[in-house]
Amino acid sequence: MTAQRLDGRKLAKKIEHELAPKVAALASEIGRPPRLVVVLVGDVAASASYVKSKAAAAKRVGITADVFSIPESTTTAELVSTVEAIGRDEHGPADGILVQLPLPDHVDARAVLDAVPPDRDVDGFHAVNAGLLSQGRPHFIPCTAAGVQRMLLDAGVETRGKHAVIVGRSDIVGKPLALLLASRGPGGDATVSVCHSHTSNLKEVTQQADILIAAVGIPQLITADMVKPGAVVVDVGINRVLDGDTSRLVGDVDYDPVSTIAEAISPVPGGVGPLTVAMLLENTFSAAKERQNLSQTAE
Ligand code: NDP
């Protein structure tokens, strides 16, 4: 069996294509393009590259993206106050605000994320948005989790009644994804197991997965013997590994052997990554639209 390739790039293009005219219509309604403000701290190459691709994607659909570059030496208090000022539109209208992670170790990331007003929190990391998702009334859903669910829905993968195993329990990927897949309705209704670094016999759990999602950050952790034949495998991991004198990106799944037994598998790169960006664009559009609706109601 050769697995169906879950092509995130193609789906992200389709999402952008559908979003662009909606953004254009909203821009003419509010008299300016929707605007995303990205806060980038320090000079971590990977973060700078993610921010660059988010800004480029925003531009493609007609959303303005402005990047605030803050030196690595910033303190939690300074960063919180910058984010609060952006949230008060002191640096121009900010429909969506995103703080690129990871932040330097000396910064309290939770305090900074909670400084983003929940109604502009297009990454969905604020405690209010996390709480709403856990109660089954989501507002802004974390982009990677939303991207994985969209990928499954688009590929026609039935989640209802299936056993989904997620390896990884971070606040930004594993946890929200578990909530989404266990939620009621399309793309949900799965029985979800969440694994982490203290899971005993990881292989025994992953072998039971109808849908296996790896969000760990360990290159090729998931090998073919851990996968049930016919499973759908989604690889969230992004790991840079050395390959001779150059480096390349790999996921958490040992792609080639696993693709001979899985029914469908997402590649890295070109899988979940582009969908994460596409979900950010959708969230930014929604934030701008909600804000416009609110201002009309107030008039
Ligand atoms: P975190 O480091 O926050 O979380 C990793 C999770 O993996 C933790 O829950 C950890 O367990 C678990 N884990 C670590 N080692 C093992 C192990 N040996 N067996 C089972 N579980 C283990 O990572 P993120 O969630 O932020 O990211 C995960 C991966 O996804 C990374 O490669 C990251 O680059 C990528 N990523 C990709 C995105 C995309 O757009 N495609 C977006 C965001 C992330 P414990 O909780 O016990 O420590």
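I take buried as under 20% relative accessible area, exposed as over 50%, and partly exposed as in between (1.4 Å probe, protein chains only). The model is predicted: local features need pLDDT of at least 70, side-chain atom pairs count only at pLDDT 80 or more, and totals for chains, interfaces and linings use all residues. Residues are numbered from 1 along each chain as its sequence is written, and side-chain values use heavy atoms, with hydrogens and water left out.

Entry on salt bridges. I count a salt bridge when a side-chain nitrogen of Lys or Arg is within 4 Å of a carboxyl oxygen of Asp or Glu. The structure holds 16 of them.

I looked up Lys203 and found its side chain in a salt bridge with that of Asp225 (3.2 Å, N to O). The pair links distant parts of the chain, 22 residues apart: Lys203 is in helix H8 (residues 202–206), and Asp225 is in the loop between strand E7 (211–214) and strand E8 (232–235). Helices (H or I, at least four residues) and strands (E, at least two) are DSSP runs, numbered from the N terminus. Lys203 is partly exposed at 39%, and Asp225 is partly exposed at 42%.

Next I looked up Glu16, whose side chain meets that of Arg60 in a salt bridge (2.8 Å, N to O). Glu16 lies in helix H1 (residues 8–30) and Arg60 in helix H2, so the pair ties together parts 44 residues apart in sequence. Glu16 is buried at 13% relative accessibility, whereas Arg60 is exposed at 54%.

Last, I noted a network of salt bridges linking Arg32, Asp89, Asp95, Asp119, Arg120 and Arg291.
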